[in-house]
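This report describes selected local features of one protein model. Please examine the sequence and the structure shown here before reading on.

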Amino acid sequence: MKILLVDDDSTFLRVMGDALKERGHQLRAVTSGREALRLLEQDCPDIVISDLEMPEMSGIELMTRVHERVPQLAVVVLSAIGDAASSSLAFQHGASGYLQKPCRVEALIEGIQRFEAPRSRPTM
């Protein structure tokens, strides 16, 4: 599965990125929404996993822009904010899933497994 992982925490990107690669996923990891949108134009992933709170562009804004380009693309939101309002806001804006940080590698893997079923990949 092609995964685009977006988080401003480089340690999180490295740890989760290594775990995803070890499980056979193709990974692109970036630290900003702007970088994510640039990569989206180059090669559409199967799923985007994004932090909710990032400088310059929030995860909600990124998700909105992603869905303007590729409406059916799954976006899973990660957030250190564990309240119901944050998860509700994410789902109102089209999130396919929501995980609270810090999350274990296993929780992230479980969170994306439902998107691994064979399906036609979105195109730009």
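Helices (H or I, at least four residues) and strands (E, at least two) are DSSP runs, numbered from the N terminus. The model is predicted: local features need pLDDT of at least 70, side-chain atom pairs count only at pLDDT 80 or more, and totals for chains, interfaces and linings use all residues. Residues are numbered from 1 along each chain as its sequence is written, and side-chain values use heavy atoms, with hydrogens and water left out.

**Backbone features in two loops**

Glu56 is placed in the loop between strand S3 (47-51) and H3. The phi angle of Glu56 is near 75°, a positive value in a residue other than glycine. A residue is called buried under 20% relative accessible area, exposed over 50%, and partly exposed in between (1.4 Å probe, protein chains only). Glu56 counts as exposed because its relative accessibility is 63%. In the loop between strand S5 (97-100) and helix H5 (105-113) lies Pro102; a cis peptide bond, with omega about -5°, joins Lys101 and Pro102.

**Helix H2**

In helix H2 (residues 33-42), the buried residues are Gly33, Ala36, Leu37, Leu39 and Leu40. Seen down the axis of H2, these buried residues fall within an arc of 165°, so they line one face of the helix. The arc is that of the directions from the helix axis to the C-beta atoms. Strand S1 (2-6), strand S2 (26-30) and helix H3 (59-69) are the elements against which the buried residues of H2 pack, where contact means heavy atoms within 4.5 Å.

**Salt bridges**

A salt bridge is a side-chain nitrogen of Lys or Arg within 4 Å of a carboxyl oxygen of Asp or Glu. The structure holds 7 salt bridges, including those in the table.

| Salt bridge | N to O distance |
|---|---|
| Asp43 and Lys2 | 2.8 Å |
| Arg34 and Glu56 | 3.6 Å |
| Glu61 and Arg65 | 3.9 Å |

Arg34 lies in helix H2 and Glu56 in the loop between S3 and H3, so this pair ties together parts that are 22 residues apart in sequence. Glu61 and Arg65 are 4 residues apart in helix H3, which means that about one helical turn separates them. Glu61 is partly exposed, at 34% relative accessible area, and Arg65 is also partly exposed, at 29%. A network of salt bridges links Asp7, Asp51 and Lys101.
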